Amino acid sequence: MLRKPLPLLIAFLLSPTLAHAEEVDLTIKGLKGSAEDNVDAYLSSIPPEEYRTDLRFQARVQRIITEALNAVGYYHPTFKFEVSEQNNELIVTVNRGKPLIIKEADIQISGEAEGDVDFILLVKNSKLTKGRRLNHGDYDSLKSKIRNLALQKGYFDGSYSMTRLEVSPDLNQAFVRLHFDSGIRYHFGEHQITGSQIKLDRVESLAPFEQGDPYLVSSVGEFNQNLSNSDWFSSVLVEPDLSYLGQGRELPMKVSVEPQARNQLETGLGYSTDVGVRGSLKWKKPWVNSRGHSINSSLELSKPEQTITASYRIPQSDALNDYYSINYGLKNLDKRDTKSLESNISVGRTQRLENGWNRTVFIRYLLENFEQGLQDDSSQFLFGGISFARSRIRGGAMPHWGDSQQITLEYGDPSALSETRVTRVMGGMKWIRSAGENHRGLFRIDGAANFAEDYDKLSPSLRFFAGGDNNLRGYGYESISPLDESGSLTGAKYMLTTSLEYQYRLYGNWWGAVFYDYGDAFDDQPDFKRGTGAGIRWASPVGPIRLDFAWGLDQEPVSEYRIHFTLGPEL
């Protein structure tokens, strides 16, 4: 039953007297499902101030309901109108009658698309089959989808030779006739690149297709995205040159770009409970030369940490997925029981593998002067290493699905500048899953290990500490590790932490969260710590913001809580 309140407008007259109008209700009986929904949609076009109970309005309602029912296959509706005694309710009882059944569905795809599996599945999965109730929307939808699929897959000459929907109300039968001739499928032609300051072969390397491949609009979109992600250009447009239609199978691809600014500066100010207020200055040179080399550098300052980093990237034949990088970092650290000045320089090659993982093979040199608890020393290490990383996300700032995995292996040997023989393994995994629109779950596990002949020779940056915003909430930043005889933190050989979090949408982009963290940084036997709490999440325009109130269940006193505040992506 559909019941719609139809308030008459209250007229405000120029005189002090206020005129009151009675409220009129319209009640529709006898309909359900798609018939009720369509009638509801059609009746919503009537302005409320025009609702009446007179015969003229009844005829208008009958005409509109008849049109709505015809659209979903009911051509023989009957009506009964009743007006309530108070004359403020119109009751319409509708018998929709027998539906029209599709007697014949003559849907033909000819041309090169005749054997295309996407067209075959599209027709097969449509609701226009013999014996089904007619729905005009299904006919219009399939007609549109066939045309759109043809454009997406490069059948630009495709056209309908017949589009006909015949109905016989007397026989309660419908006849569907759709004949589509796709013509040939066009292929990708040569690139016509304009406006590029980068060598053309580097630009062409970003195309996910080769000349001669069958046209696919999703590949054009991917090419657009790759060009944008290169950061070489301020604007990008890729499109087929349709003026070549009918002049052969291949369509040239017009690639219009404009150079990105050669120098970019970015300043930032942030806060986290781990390091407090933090300021940053970033300088980026998206393209150094016509080969697409680039420079990234940053300066980050907070009370416990000051960091300078710089990276020079040298793209190879596949510019986005294969490149060399030269990196330098200088970090000064003074927190808790650690004072350290470390310098890192590394050279590596990153390649995206066919399985979607990014592999980096690198050499890293570390020089560090430090005080760690009672230890005052300096050390150097030369590491050879390899890392694998992958991240997959579906959704926006707070994705409804995602996961990331990364693992790094490093080895240093005293015969090659290292203080001691050491093998280092570090890895982590994160998962995000959603149930409906309002429920999200996050799970994280991280682990690391040092296997060293002489552990005391490892500098603080090579040791492991637990606790903080993104580790064990409820505990201070890197406050968990073994202690020396003075009670100072020494850093650990091993670390293992995990976290489970549930989030519920409170309103719009605001979420509530509860979580449980578990882990330890240890040398021999772990003494796992537990942390739990609740928080608020906001998917802000600049990224997710997280505010947590956490309790460390294995510290004294347990009643004291810590506030954790962070800004940044979850994966």
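# Aromatic rings in a predicted model

Visitor: Phe-209, buried or exposed?
Guide: In this predicted model, Phe-209 is buried, because its relative accessible area is 6%, under the 20% cut-off.

Visitor: And what about Phe-223?
Guide: Phe-223 is buried too, with a relative accessible area of 0%.

Visitor: Ok, how many aromatic pairs are there?
Guide: The count comes to 18 aromatic pairs. One of them joins Phe-79 and Phe-81, which are stacked, with 6.3 Å from centre to centre and 20 degrees between the planes.

Visitor: Where do the two sit in the chain?
Guide: Phe-209 is in the loop between helix H5 (200-204) and helix H6 (217-229), while Phe-223 is in helix H6. They are 14 residues apart, and the pair links distant parts of the chain.

Visitor: Which residues do ring pairs link into a cluster with them?
Guide: The cluster holds Phe-156, Tyr-186, Phe-188 and Tyr-215, along with Phe-209 and Phe-223.

Visitor: New topic. Which ring does the charged end of Lys-335 sit over?
Guide: The ring of Phe-465, at 5.9 Å from the ring's centre.

Visitor: And Lys-493, which face does that one lie over?
Guide: Lys-493 lies over the face of Tyr-455, 5.8 Å from the ring centre.

Methods:
Residues are numbered from 1 along each chain as its sequence is written. This is a predicted model: local features need pLDDT of at least 70, side-chain atom pairs count only at pLDDT 80 or more; totals for chains, interfaces and linings use all residues. Side-chain values use heavy atoms; hydrogens and water are left out. Rings of Phe, Tyr and Trp (its six-membered ring) pair if their centres lie within 6.5 Å; planes under 30 degrees apart count as stacked, over 60 as edge-to-face and the rest as tilted. Helices (H or I, at least four residues) and strands (E, at least two) are DSSP runs, numbered from the N terminus. Buried means under 20% relative accessible area, exposed over 50%, partly exposed in between (1.4 Å probe, protein chains only). A charge sits over a ring if NZ of Lys or CZ of Arg is within 6 Å of the ring centre and within 35 degrees of the ring normal.
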